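Here are my notes from going through the model you sent over. Have it open beside you as you read.

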Amino acid sequence: MARPFQLSDPVRARQLADAIAILAPPRPVKIVHVCGTHEMAITQHGLRRFLPDTVEVLEGPGCPVCVTPTADIDAAVQIAEAGAILCTFGDMTRVPGTRLTLEQARSKGCDIRVVLSTDEAVRIARETDRQVVFFAVGFETTTPMTAAILLDDPPANLSVLVSHKKIPEAMGVLLGMPGTNIDGYLAPGHVSTILGLAPYRQHLGKFEIPVVVGGFEPLDILYAIALILRQIRDGKGFVENGFPRAVADEGNTVAQLLIETVFESADVRWRGIGTIPNSGVRLRPEFSQFDARARFQIEGVTGDEDIPGCRCADVLTARATPTDCPLFGTRCTPLTPVGPCMVGSEGACSIWFRYGGRELP
Ligand code: SF4
């Protein structure tokens, strides 16, 4: 009988590290993941030390806070300035907009509340006569939760500022960008529990590079990296499920139905990347009465996203590591963030600062 898979098994870890060393080609290989949770696990557990020098693993646009464009932050600030209660997740309050962060808007008297769930925003709306707006950010893991509140008889004074994004579409666009040079993707396990494998095949299949869904335990990640390297060694490139204990090929069809019922695809802007066709969502016309942009007549003009000296755009497209930025750890720290990658707890710069990514030269 096969040994059960254990999540902290030093023998298994050594076996995987040995397999990775054998499978790694002599040429440099760049593996990109798109998930702050992956970066956290890789960095916190020092997994890069298990990899040969030729194998580099970097975070791409995997931090939803970091890729939220200034237009959406500015819209949230405008709504709060108009007198609404603006509810959002914690990290969003510190991301720079064109004029202000939400935290700065709060210090000027705006009512901005940090919530831990979409339900909390609904509860706040039920307890007041004031307008309440939920600033909805995140990838396919949080989109169904936003959909669920709109399908559950929400109070009339609640509306949603939608800024959800879709990961596979961005992964495809990244492959076509100059200088990204991606040899394989470690796809996010939690997003994949919702999506299944089909969207990766749809958006990445034509590139014929390894795309392996990985879990978040250190052994899951090493296993997925070994699968990517095996595909590279064999000259193959397909979508593979390295996290079958949580991810079904078809994904979570109930969550998919929630998303489909409430949202339709939209072209949206990703900070650091630009506008990607169909890489986000907007409310379907049947739910337009909950659209905060319409309710508050917000146009949402993209402001200046260039922060002098900040290399977030390169970090978010896996063309630079955080320590390639001259401001890393000097002017830019989690207490004094210059760019969004140092603000979001899932941002690569913030994670590398807190846990040490690659050793500084
Ligand atoms: S270290 Fe700071 S300034 Fe540099 S890329 Fe990261 S967030 Fe931007």
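Which domains does the domain assignment of the protein give? It gives domain 1 (19-56 + 176-241) and domain 2 (65-166 + 251-295), with bounds that come from an automatic or database domain assignment.

Two housekeeping remarks before the points. Residues are numbered from 1 along each chain as its sequence is written. This is a predicted model, where local features need pLDDT of at least 70 and side-chain atom pairs count only at pLDDT 80 or more, while totals for chains, interfaces and linings use all residues.

1. How the domains meet. The centres of domain 1 and domain 2, taken over C-alpha atoms, are 30 Å apart. Six residues of domain 1 are in contact with eight residues of domain 2 (contact means C-beta atoms, placed from the backbone, within 7 Å). On the domain 1 side, the touching residues are three nonpolar, three polar and no charged. For these classes, Ala, Val, Leu, Ile, Met, Phe, Trp, Tyr, Cys and Pro count as nonpolar, Asp, Glu, Lys and Arg as charged, and the others, Gly among them, as polar.

2. The ligand. There are 14 residues around the ligand, and the closest are C310, C325, C332, G339 and C349 (a residue is near a molecule if its C-beta atom, placed from the backbone, lies within 6 Å of it). Helices α14 (312-316) and α15 (340-343) are the elements that give two or more residues to this shell. Helices here are DSSP runs of H or I, at least four residues, and strands are runs of E, at least two, numbered from the N terminus. By class, the shell has twelve nonpolar, one polar and one charged residues.

3. Strand β6. Why is β6 (residues 158-164) largely enclosed by the rest of the structure? Because seven of its seven residues are buried, where buried means 20 or more other C-beta atoms within 10 Å of a residue's own, exposed means 12 or fewer, and partly exposed is in between, with C-beta atoms placed from the backbone. L158, V160, V162 and H164 point one way from β6, and S159, L161 and S163 the other way.

4. Its partner, and the way across. Strand β5 (residues 132-138) runs parallel to β6, joined by seven bridges (strands pair if DSSP finds at least two bridges between them). F135 stands opposite L161 in β6. From β5 the chain passes through helix α7 (residues 143-150) to β6, a right-handed β-α-β crossover; right-handed means that, with the strands pointing away from the viewer, the path from the first strand over the helix to the second runs clockwise. Helix α7 is mostly covered, with six of its eight residues buried: T143, P144, T146, A147, I149 and L150.

5. C87. This cysteine sits in strand β3 (residues 85-88). C87 counts as buried because 26 other C-beta atoms lie within 10 Å. Beyond its neighbours within four places in sequence, C87 is in contact with residues including R113, E120, I124 and F135.

6. The β10-β11 hairpin. Strands β10 (residues 263-270) and β11 (residues 274-283) pair antiparallel over seven bridges. W270 has G274 in β11 as its bridge partner. Three residues lie between the two strands, and G272 in the turn has a positive phi of about 90°.

7. Helix α2. In α2 (residues 36-44), G36, H38, E39, A41, I42 and T43 are buried. Among the elements covering them are β1 (29-33), α11 (218-233) and α16 (348-355). After α2 comes G46, with a positive phi near 60°.

Notes:
Contact = placed C-beta atoms within 7 Å.
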